[in-house]
Amino acid sequence: MSENLNLKSISELLKKSSYENKEANKFFIPSYQRGYRWDDRQVLDLLDDIDEFAHKIKTQNEFYCLQPIVLRYDDKKTHYKVIDGQQRLTTIYIILKYLQESSKRFNDIKKELNDNAEVKDIFEFCDIEDFEDFEVQEPYSIEYETRTNSQDFLNNKLTEKINDSNPDYYHMSKSYQTTKEWFKTKNKKLFLDTLMENTKFIWYEVDCKNDKEEIEIFSRLNVGKIGLTNAELIKAMLLLPIKDYKKQIEFSSVWDNIEQTLQKNDFWYFLSNDSKSETSIDLIFTTLAQKYQKDYNKKVEEKYKDNEDEQKKQKLNFKITEDKYAYYIFAHILKTDFKLENKIWKESQEFYRSFLNWFNDREIYHKVAYLIHFKHTLLSLYEKYEGKTKDEFKLELNDLIERGISDINLMTLKYEDKDIRKVLLLFNIETILKNKNSNARFDFFHFKFKNWDIEHIASQTDNINKEEWISTVLKYVWGINVNKSKIQEIADKRFDLFYNRIKKKLKIKEPTDENKDNIGNLTLLDSKTNRSYGNAFFPVKRTIIIDEDSNGNFIPVCTKNVFLKQYSDKLSNMMNWTGDDVENYRDEIFKTLIGYKIGYYCDLKDNSNV
């Protein structure tokens with residue numbers, strides 16, 4: 001492998017033939033590369049650095065130096081394959097694209113100035129520097145081996161609003177909008193001149209013998225970088241033994257399809273409690289790596305069953321919390337058997353297909369997501385699934401759920417008990433599943449994305465926030481907003497009188513001590529909505545819940561049913577959550593969860609012998 005190190009200005013990258021008769025304005029992103037992933041901070045840092053250099057006093061030949069871009073020239077396709085530096089190259093393209101669009105807008109404004117006197121008058125109030133005349137050449141081209149739609153987006157749709165339909169579009173359009181906002185206070189012409197002539201890439205061209213050598217360079221360059229994930233390194237590793245070009249494309253297409261599915265909120269949050277990573281396929285490889293580590297260590301235990309010291313020495317002791325956990329596991333395994341790449345890839349696809357099957361089955365979807373939420377690992381559930389039919393797997397899931405709530409008694413379950421969440425979430429899930437004719441699903445994305453409180457249905461007066469309570473009552477009972485000073489005056493001097501008058505007017509009865517912290521007086525509600533009404537009376541809470549639901553905010557089905565009094569036998573008193581309501585609600589929880597053998601030591605009207 002030979003190497004060639006040079007410096008190239010940005011203007012040189014825009015020329016068709018600028019170096020050794022090679023077309024330097026065409027760049028190709030190979031299939032092993034991830035998509036564009038720079039965030040606002042990285043884009044702003046680059047803009048600020050170039051702008052600072054533009055305004056400093058410089059020596060004659062001084063220039064701003066960008067980090068290296070590593071490339072391999074393809075004579076047949078007449079383009080440069082980008083081995084390293086894609087993120088910087090794409091960001092420069094986005095900046096040029098913005099400046100190009102800005103230049104076009106200026107030309108349109110000049111034309112309108114000549115044709116429209118009113119516009120000319122308004123223009124006098126603007127800073128003419130913002131509209132300084134400058135021309136921008138057509139940027140270089142960036143082509144993708146897979147994700148071909150990203151090239152079209154970058155070329156033709158970048159200037160539209162932020163697009164979150166896939167990770168590439170999101171980060172590209174976000175960077176464009178960040179750039180656009182940054183330039184509102186900058187001299188575009190000065191920046192452009194500095195960017196084009198006084199900003200240079202370290203141009204590091206390698207002459208590889210084959211694709212394998214190219215991918216090895218990519219791995220070596222990126223293994224120590226913070227930004228690269230397990231998945232990106234593993235992708236390069238798994239591509240090494242694939243010699244056929246069509247199979248490489250097939251591999252990358254399957255990879256991208258898995259990644260795009262995992263990026264969907266409903267799919268991701270039923271499998272994970274964590275926020276999505278930039279490469280969500282990491283989830284599959286991390287789970288698979290856990291399996292490989294477990295199997296490997298079991299073999300070590302068998303091989304050295306009479307030698308504990310050797311067991312400790314030979315075992316893989318990588319922790320799942322390590323930055324490159326999965327990559328290190330597979331790299332170690334492949335040292336012992338280099339031909340395992342194909343097996344690892346096949347098994348990762350099997351994991352994905354299994355998870356997709358779970359997602360498409362309503363019952364499995366809900367029960368897997370429930371167990372994941374309460375800290376069961378994806379690998380432990382997969383091990384329960386291997387070699388079983390769907391019905392057998394469902395029985396396994398039911399057993400795991402039952403074991404998690406086996407010691408719970410609804411009659412003694414109170415507000416401070418940690419198991420309250422398990423019961424209320426399961427009640428919501430089973431309520432949804434009970435309706436066999438519906439395709440409705442519990443929204444685990446919003447459930448896991450937000451913070452959730454265990455909320456009292458009937459109001460509690462302990463630690464009441466007086467100002468918030470007054471404001472909420474006035475807004476939701478009478479539809480009026482009162483200024484803060486008036487609310488403060490009521491809170492400081494007349495709160496007890498105000499509170500008792502409202503209580504009397506709404507005919508409120510506060511819950512008994514027996515029912516106050518009982519599960520029959522508790523429900524799930526997100527913290528933001530909960531804070532919006534504090535300890536308001538039941539009818540006020542009811543109004544707010546209905547309002548939130550009608551505005552499209554996620555309210556769990558059982559919480560909505562509670563405030564609509566769906567579980568109550570008597571609907572004569574809509575202003576209070578009564579002792580009868582508490583009992584009816586608790587009875588419904590028991591009936592819904594009876595299959596899990598949950599404890600309930602009392603007589604029910606239709607379950608008297610339970």
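Contact here means heavy atoms within 4.5 Å. Among contacts in the chain between residues at least 6 apart in sequence, 72% join residues at least 24 apart.

This is a predicted model, in which local features need pLDDT of at least 70 and side-chain atom pairs count only at pLDDT 80 or more, while totals for chains, interfaces and linings use all residues. Residues are numbered from 1 along each chain as its sequence is written, and side-chain values use heavy atoms, with hydrogens and water left out.

**Whole chain**

The mean is 83, and 87% of the residues reach 70 or more. Select residues 121-131: pLDDT stays under 50 there, and the model has 11 contacts beyond four places in sequence for this stretch. Residues 603-610 also have pLDDT below 50, with 9 contacts in the model beyond near neighbours in sequence. Where pLDDT is low, the predicted coordinates should not be read in detail.

Switch to a cartoon. The chain has 28 helices and 10 strands; helices (H or I, at least four residues) and strands (E, at least two) are DSSP runs, numbered from the N terminus. Of the 610 residues, 49% count as buried. Buried means under 20% relative accessible area, exposed over 50%, and partly exposed in between, with a 1.4 Å probe and protein chains only.

**α2 and α7**

Two packed helices are described by the angle between their axes and the distance between the axes. Axes are lines fitted to C-alpha atoms, for helices over the stretch in contact, and angles run from 0 to 180 degrees between N-to-C directions. Select α2 (residues 40-55) and α7 (residues 188-198), which pack at about 95 degrees with axes 9 Å apart. The two helices are therefore roughly perpendicular to each other; angles under 35 degrees count as roughly parallel, over 145 as roughly antiparallel, 65 to 115 as roughly perpendicular and the rest as oblique. Show side chains for Leu 47, Ile 50, Asp 51, Phe 53, Ala 54 and His 55 in α2, which meet Leu 190, Phe 191, Thr 194, Leu 195 and Asn 198 in α7. These residues divide into 7 nonpolar, 3 polar and 1 charged. Ala, Val, Leu, Ile, Met, Phe, Trp, Tyr, Cys and Pro count as nonpolar, Asp, Glu, Lys and Arg as charged, and the others, Gly among them, as polar.

**α9 and α12**

Next, select α9 (residues 230-239) and α12 (residues 282-303), whose axes come within 9 Å and cross at roughly 75 degrees. Asn 230, Ala 231, Ile 234 and Leu 238 of α9 meet Asp 282, Phe 285 and Thr 286 of α12. The contact comprises 4 nonpolar, 2 polar and 1 charged.

Centre on Trp 358. Not counting residues up to four places away in sequence, Trp 358 touches Phe 270, Leu 271, Ile 364, Tyr 365, Val 368, Leu 378, Leu 381, Tyr 382, Tyr 385 and Phe 393.

**α15 and α17**

Now show α15 (residues 341-360) and α17 (residues 378-385), with axes that come within 12 Å and cross at roughly 85 degrees. That makes α15 roughly perpendicular to α17. From α15, Glu 350, Phe 351, Ser 354, Phe 355, Asn 357 and Trp 358 make the contact with Leu 378, Leu 381, Tyr 382 and Tyr 385 of α17.

**Around α28**

Select Glu 588 in α28 (residues 579-593). Leaving aside neighbours within four places in sequence, Glu 588 is in contact with Phe 427, Lys 434 and Tyr 567. The C-alpha atoms of Glu 588 and Thr 431 are separated by 9.9 Å, although the two are 157 residues apart along the chain.

Finish with two lysines. Most residues other than glycine have a negative phi, and most peptide bonds are trans. Lys 565, in the loop between α27 (557-563) and α28, has a positive phi near 60 degrees. Lys 597, in the segment after α28, has a positive phi of about 60 degrees. Which of these states applies to each, buried or exposed? Lys 565 counts as buried at 3% relative accessibility, and Lys 597 as exposed at 62%.

Note on methods. pLDDT is the predictor's confidence in each residue, from 0 to 100.
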